[in-house]
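Here is a colleague's note on this chain, in numbered points. Please read it with the structure open beside you.

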Amino acid sequence: MARGFKKKNPFDDLDKDFKTGIEDMSDEDIKKRVSEVAINEHENRAAQKKDQDLADKKAAVKYADEQYREGTKMNKLRIGYAHFILEARGKV
């Protein structure tokens, strides 16, 4: 009997109209659509890079999160070392 969560279909978040449209297109039309999406994504990323408000907020989050990141980093290192010792003793 399988345990854990059922895997989510990675395309569940796509709207039905898009999926149906792609399914009904020819291979060439699909390639054209992919090209349009790629251009849209390029423009989206370019706009993101220019967004100073976003950059300021990212910097603020990075600063605010620093103590937690350092704590997590040290905890992972400690866990890793303890696991290494147990493994060396043949306990894992």
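1. Start with a term. Helices here are DSSP runs of H or I with at least four residues, and strands are E runs of at least two, numbered from the N terminus. Keep in mind that the model is predicted. With that rule, the elements of the chain run α-α-α from the N terminus on. The tally is 3 helices and 0 strands.

2. Overall form comes next. Along the principal axes, the C-alpha atoms fill a box of roughly 60 × 50 × 20 Å.

3. How much of the chain counts as buried? The share is 0% of the 92 residues. Buried would require a relative accessible area under 20%. The accessible surface comes to about 9300 Å². Carbon and sulfur atoms account for 56% of that surface.

4. Now the salt bridges. Side chains of opposite charge can pair when their charged atoms come close. The structure holds 6 salt bridges.

5. Arg33 and Glu36 form a salt bridge, with 3.3 Å from N to O. Arg33 is partly exposed, at 26% relative accessibility. Glu36 is also partly exposed, at 43%.

6. Glu41 counts as partly exposed, with 33% relative accessibility.

7. Arg69 is partly exposed at 36%. Asp65 is partly exposed too, at 30%.

8. Gln48 deserves a look. It is found in helix α2, which covers residues 27-50. Which residues does Gln48 contact, leaving aside neighbours within four places in sequence? They are Leu54 and Lys58. Gln48 is partly exposed, with a relative accessible area of 39%. Its C-alpha atom is separated by 20 Å from that of Tyr63, 15 residues away along the chain.

9. Glu70 is placed in helix α3, residues 52-88. Is Glu70 buried or partly exposed? It is partly exposed, because its relative accessible area of 45% falls between the cut-offs of 20% and 50%. From Glu70 to Lys16 the C-alpha distance is 43 Å, and the two are 54 residues apart in sequence.

10. Last, the aromatic rings. The count comes to 1 aromatic pair. Tyr81 and Phe84 make up that pair, and it is tilted, with 35° between the planes and 6.3 Å centre to centre. Both belong to helix α3, 3 residues apart, so they are separated by about one helical turn. Tyr81 is exposed, and Phe84 is exposed as well.

Technical notes. Residues numbered from 1 in each chain as written. Predicted model: local features only at pLDDT ≥ 70, side-chain atom pairs only at ≥ 80, totals over all residues. Heavy atoms only, no water. Buried < 20%, exposed > 50% of the residue type's maximum accessible area, 1.4 Å probe, protein only. Contact = heavy atoms within 4.5 Å. Salt bridge = Lys/Arg side-chain N within 4 Å of Asp/Glu carboxyl O. Phe/Tyr/Trp six-rings, centres within 6.5 Å; stacked < 30°, edge-to-face > 60°. Areas by Shrake-Rupley, 256 points an atom, 1.4 Å probe, with all protein chains shown as cover.
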